[in-house]
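The entries below follow the order of my look-ups.

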Amino acid sequence: MSILNRQILSALCVSFVLSLALPAAIFFVFPLSDWGLLWDKVVMGLPFVIFLPSLVITVGLIYGVVSGMFWKRQLQRMDEGLYLLEQGRLPSQQEMYPVQEMAKMVERMNQIQKHINEQTKLSQKMANEKAIDQEKQIQEIVSQERNRLARELHDSVSQQLFAASMFMSAITESQSNMEKTEMKQFKVVEEMIHQSQLEMRALLLHLRPVALKGKSLQEGMKELLEELAQKVTMDINWKMEPVTLDKGIEDHLFRILQESISNTLRHAKASSLEVLLIVRDELIILRITDDGIGFNVEESKAGSYGLQNMHERAVELGGTMKLVSVPNKGTQLEVKIPLLNTGGDHDD
């Protein structure tokens, strides 16, 4: 029940009780010699015994509506403030609350927002330092081994899959008199080879992830997407706004993009991929959308290391990650990171 309905109902109940109790108390102290006078006395076309309860209930109804609207408005403003606080922001203009208790709540919200900003700055600073340290401390032997495996897979398995795919295409195109059953079987095999190629590219992306290596986030993302567009038949589009970020933030967002693309290649069976990097309302927004088969988000969250890893990277920067997937419609992943003291200019 909403607060408006609650106020109206409570006011009506109180008014109804008063309309009965108050006259009863008065008549008990000052009893009437003739109770028929209550029906004989007419006020505004109604007997007094009906007019008095009607008047009290009407006044109570008006009071309930007015007070309900007042409290509804106060709670709506408070809810808007909490929503902005959840997004990492506060209203641009500080509102004044006539209720002292709510004014204290707003003051507490301001203190919480300051605390969140301080924690976010600290988290981003730590992420920045961690990214620099990790880049310096990567074990050379591990990197070499991963690169060796990636080269061998690319030079052997990937080339064989490509050759098998071309061979199957040539067979299906040359055999015009092939029976429908055989043609269907060849098409299934061809599709399996194509899916294996996508999974192999996703595996290579994991084994030998592209590093920024001094490039900006936008340059690294563009290079990754351009290289991917040359290797897959998927329609890939992107839009990136210029923004200067700390290295820790750039590294985390770039890894999130790589993980998301890897998931798309392995599971989505998508024909198009769209990547968006923009800045709005002091938030860095990375959005990755595909038109694939989709999946059940709740079932996949518990068992997916990749989703958990992306979520942890977003949280480590003081941000949020939202994943929406609709079966046979596609999947959209959106990461929002608060933009604090970046030292770069951006357009709203």
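I worked on a predicted model, in which local features need pLDDT of at least 70, side-chain atom pairs count only at pLDDT 80 or more, and totals for chains, interfaces and linings use all residues. Residues are numbered from 1 along each chain as its sequence is written, and side-chain values use heavy atoms, with hydrogens and water left out.

**Sheet.** I found an open sheet of 5 strands in the order β3-β4-β5-β7-β6, with mixed pairing. Strands (E, at least two residues) and helices (H or I, at least four) are DSSP runs numbered from the N terminus; two strands pair if DSSP finds at least two bridges between them. The edge strands, each pairing on one side only, are β3 (235-240) and β6 (320-326). I then looked up β3 with β4 (residues 272-280): they pair in the parallel sense over 6 bridges. N237 has E274 in β4 as its bridge partner.

**Helices on the sheet.** I noted that α7 (residues 217-231) packs on the sheet and touches β3, β4 and β5 (283-290), contact meaning heavy atoms within 4.5 Å. Helix α8 (residues 247-268) also packs on the sheet, touching β4, β5 and β7 (330-338).

**Helix pair.** I looked up the axes of α7 and α8, which come within 10 Å and cross at roughly 15°; axes are lines fitted to C-alpha atoms, for helices over the stretch in contact, and angles run from 0 to 180 degrees between N-to-C directions. Therefore α7 is roughly parallel to α8, the term for angles under 35 degrees. Among the contact residues I listed L224 and L228 of α7 and F254 and I261 of α8.

Technical notes
Angles under 35 degrees count as roughly parallel, over 145 as roughly antiparallel, 65 to 115 as roughly perpendicular and the rest as oblique.
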